Structure formats: C-alpha cells, structure tokens
Amino acid sequence: MTKGLDLHPEEPVGGADDAAIGPDDAIARLLEETEAARQQLENILESILPNQLFRKNVTVRENSGEAVEFAVLIPSKDMEGESILLPVDAKFPREDYERLQVAYDAGNTADIQAEAAKLVANIRRRAADISSKYIEPGVTTDFAILFLPFEGLYAEIARSSDLFV
C-alpha cells in the first residue's frame, strides 16, 4: 500500500500485501506513520517559529513519563514576562480515515456513516487522552492542539460539527 490515499475499494485497508502482517509489523507501520507526521509538524514549526519558541518531547507533568511531541512557548497571561507551553500532539487516526475513504470509494452510505462515526469517536478519545496527559495548570495552556497532517482528515473532522465546541 502506498502512504498516500491511493486506496481501492476492492482491497482491504492496508492492501492485499499487508493482509498477513503480524502485530509487530502493524506496530512498526504505525510508528513509521506517526514519525512521518511528527517530522511534518516539526518542519512546519521550524518554518514559522524561531527554534527557541518551541520544544520537542516535553514532559508537562512531573513523574508522568508522558511527553508531548512539541510544545510552543507563549506568553503567560497571568505571569508577567513568563511563558507557558501550548502542547501539540502529532498522533492521528490514520486507519479510521483510510477505512472511511474506502467506504466513500465504494459509495456505501451505511459504511460511510459507520466509519465516520468511528473516526469521530477516535478523535474524541484522542482529545481526552491529550487533555489528561498534556494539560497542566500553571505549566500549559488550558487547551492543546491535535495536529492533523493532511487536509482530507481535517475536512472530515470539520464536517462533524459536534466536535467543535
């Protein structure tokens, strides 16, 4: 399977060659895709911000063992001359999006609705995960950003108005 959106409805998601892969191979593929999104986000940050205004792999909660991929330093509204961190997470639901694209290609309305609902549910879980891991009063903003590395995924999320509050 290519890493783009060259999906064909007659093939299972992952492509025919990936159908027999084991759990270790699936994890390796996921890590590779996550690393590609992380690198894309880093390239964007480097192109718009000076290096001193963002940090990589930041632990925002002491002793948590959890690190957000990036944190942008922004001026604190409460502490004059101090900065707080805006967490930016680069993990995204690629598999759910790919299944939705297959459903669109097949033209099956029921599958489209089911896959769209799964994508929205996954985004909600990721948002809750980001909130619980990376938002820390006094250290970070009271919100974080989930980086969506391609426009089609963003469009699907934007289409679901109940995700925006």
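A residue counts as buried when its relative accessible area is under 20%, and as exposed when that area is over 50%. The model shown in these views is predicted.

**View 1. Strand β3 is mostly covered.** Six of the seven residues of strand β3, which spans residues 83-89, are buried.

**View 2. β2 and β3 form an antiparallel pair.** Six bridges join β2 and β3, which run in the antiparallel sense.

**View 3. β3 and β4 form a parallel pair.** Strand β4 comprises residues 145-146 and pairs with β3 in the parallel sense over two bridges. Here D89 has L146 in β4 as its bridge partner.

**View 4. N57 has a positive phi within a strand.** Most residues other than glycine have a negative phi. N57 is not a glycine, yet its phi is positive, at about 50°. The residue belongs to strand β1, which covers residues 54-58. With a relative accessible area of 53%, N57 is classed as exposed because this value is over the 50% cut-off.

**View 5. N63 has a positive phi within a loop.** N63, likewise not a glycine, has a positive phi of about 60°. N63 is located in the loop between β1 and β2, the latter strand covering residues 68-75. The relative accessible area of N63 is 79%, so this residue is exposed by the cut-off of over 50%.

Notes:
Residues numbered from 1 in each chain as written. Predicted model: local features only at pLDDT ≥ 70, side-chain atom pairs only at ≥ 80, totals over all residues. Heavy atoms only, no water. Helix = DSSP H or I, 4+ residues; strand = E, 2+ residues; numbered from the N terminus. Buried < 20%, exposed > 50% of the residue type's maximum accessible area, 1.4 Å probe, protein only. Pairing = 2+ DSSP bridges.
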